[in-house]
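Please keep the structure in view while reading.

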Amino acid sequence: MDATTLTASLRARLEEKANRKTSAWWENYVKNSAPFLGVKMADTRAAVHDWHPAEVGGRLSAGAQVALALALLQQETTEEKLAGALFLQEILLPAGALDWERELPHFASLFEDGHIYDWNVCDWFCIKVLGPLIAEEGAACAEAVAAWRDAENLWQARASLVAFVPLADHAAYHRLLEQGCRTLIRRPQRFAKTAVGWLLRELAQHDPARVERVLGQEIAHFSPESLKNATKYFDQATRGRYRRLLKASGPAEA
């Protein structure tokens, strides 16, 4: 079967578990930024793991399976995109089917071509695919993903930090993360700044001095939202000091 038939087959499996109330809840939660079928994550995962041995495994080469996962990420609904991410993380990565030098340009195209266009799918892709890929492949892969900090596309730039949230305890990556935070915090978009806040929150548990250096030198570019997240694990007095510094720096950014 070709990719079109296989993606349609998986969608049919997902639709069997779809619930309109769940769909409405999610679409309201993401402020209608993306469409949902209304399938719970556990059911999406089960559908992928039932579909793969029944219709995909043993029938397609490893390369064709990677292409199929990418095709799922290009589909309309969030659940189909999440299914593609789960396929990559839970089936293809453990099987050794992903080569980061080959796949990263394809992953970048998902952002550049508008297939990953909201924070929800972006963050799932980062946590489920990019983070585990970096953990598996190491420094060269980390450098390549971190370089996305300069991407014009907001979501690709956000991914350059969010991919490292599960890896914030790896000191070898802290220099890259500092560079990324300094770059993204200067962007005006809310979801660039919230990526910085999230990453610094996690980094503060392992390298608080580095976090304080970024805060001290870049405070004028923080939003109250991103600053609150970045300082979550600091003591009350330190949080208050940075709030005052932000207020004194001028009008708050988005």
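Leu-200 touches Cys-181, Val-211, Val-214, Leu-215, Phe-222 and Ala-230, leaving aside residues up to four places away in sequence, where contact means heavy atoms within 4.5 Å. The model is predicted, so that local features need pLDDT of at least 70 and side-chain atom pairs count only at pLDDT 80 or more, whereas totals for chains, interfaces and linings use all residues. Residues are numbered from 1 along each chain as its sequence is written, and side-chain values use heavy atoms, with hydrogens and water left out.

**Loop between α2 and α3**

- Lys-31 lies in the loop between α2 (20-29) and α3, and has a positive phi of about 55° although it is not a glycine.
- Asn-32, placed in the loop between α2 and α3, has a positive phi of about 60°, and it is not a glycine either.
- Lys-31 is exposed, with a relative accessible area of 69%, and Asn-32 is exposed at 61%; buried means under 20% relative accessible area, exposed over 50% and partly exposed in between, with a 1.4 Å probe and protein chains only.

**Helix α3**

- Ala-46 sits in helix α3 (residues 41-56) and is partly exposed, with a relative accessible area of 35%.
- Ala-46 and Arg-175 are 129 residues apart in sequence and 38 Å apart in space, C-alpha to C-alpha.

How values were computed: Helix = DSSP H or I, 4+ residues; strand = E, 2+ residues; numbered from the N terminus.
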